[in-house]
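I opened this model to look up its overall build and its nonpolar cores. My entries follow the display.

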Amino acid sequence: MVSFVQLVVQIREIFENKMVDVDEVMKLMGSYKSDMNEWRRFAIFDANKYTRNLVDIGNGKYNLMILCWGPGMASSVHDHTDAHCFVKILDGELTETKYEWPKKKHSPLEVSDHNTYGTNGVSYMNDELGLHRMENLSHSNGAVSLHLYIPPYSTCNAFDERTGKKTQCTVTFYSKYGEKVDYRGSKEGK
């Protein structure tokens, strides 16, 4: 069993020289048993939206972040702009719905898979597998998840589930390294 700090260090070691080995990363993510005392300082919630909290930039090769989901919160249906997406549930439950890429304009997205992951569950997604949405279906409990994106990205595409319409979105961090980011007057934040 590895600690949260060891997990961060081992992820960094894996990507010093290697290409992405999905099985190796899934195994490593699965080997960490969530301990709130180890990651709590990165888990910053907002009452109105889910938050993306940066933990490590991996020498520019990836972003490791903790996402915090209040009751009933969900991401949009989105792609990953050719990045690998690994998710580990640190607390609570999240439901992942996977969708096929839109086949024609003005038609609803087709669901291809639907899974709920509890604490310590691990999931993997990339654009070859389609699109997905993550959501906290609980009406009373929050959820916390660890996300690893390789390579890091600053934009992605969100999709309207009813029409398949695509919209490019800029992705930002609510906090970096445990400190809330102030975006006033700066796209990069302070």
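Below are my notes, from the whole chain down to one residue.

I am working with a predicted model, in which local features need pLDDT of at least 70, side-chain atom pairs count only at pLDDT 80 or more, and totals for chains, interfaces and linings use all residues. I number residues from 1 along each chain as its sequence is written, and side-chain values use heavy atoms, with hydrogens and water left out.

Whole chain. I found three helices and 13 strands in the protein chain, as DSSP runs (helices H or I, at least four residues; strands E, at least two) numbered from the N terminus. The radius of gyration is 16 Å, close to the 16 Å of the globule rule for 190 residues, so the chain is as compact as a globular protein of that length. Here the radius is taken over C-alpha atoms, and the rule is 2.2 Å times the number of residues to the power 0.38. I noted that 46% of the 190 residues are buried (under 20% relative accessible area, 1.4 Å probe, protein chains only).

Cores. I looked for nonpolar cores, meaning buried Ala, Val, Leu, Ile, Met, Phe, Trp, Tyr and Cys residues joined through side-chain atoms within 4.5 Å. The largest has 27 residues, and Phe4, Ile11, Ile66 and Leu148 touch the most other members. Elements that each supply at least two residues include helix H2 (22-31) and strand E9 (143-150). H1 gives the most, six residues. A second, separate core of 18 residues includes Leu54 and Tyr153.

One residue. Beyond four places in sequence, I list among the contacts of Phe4 Tyr32, Trp39 and Leu146 (heavy atoms within 4.5 Å).

Definitions and conventions: Buried means under 20% relative accessible area, exposed over 50%, partly exposed in between (1.4 Å probe, protein chains only).
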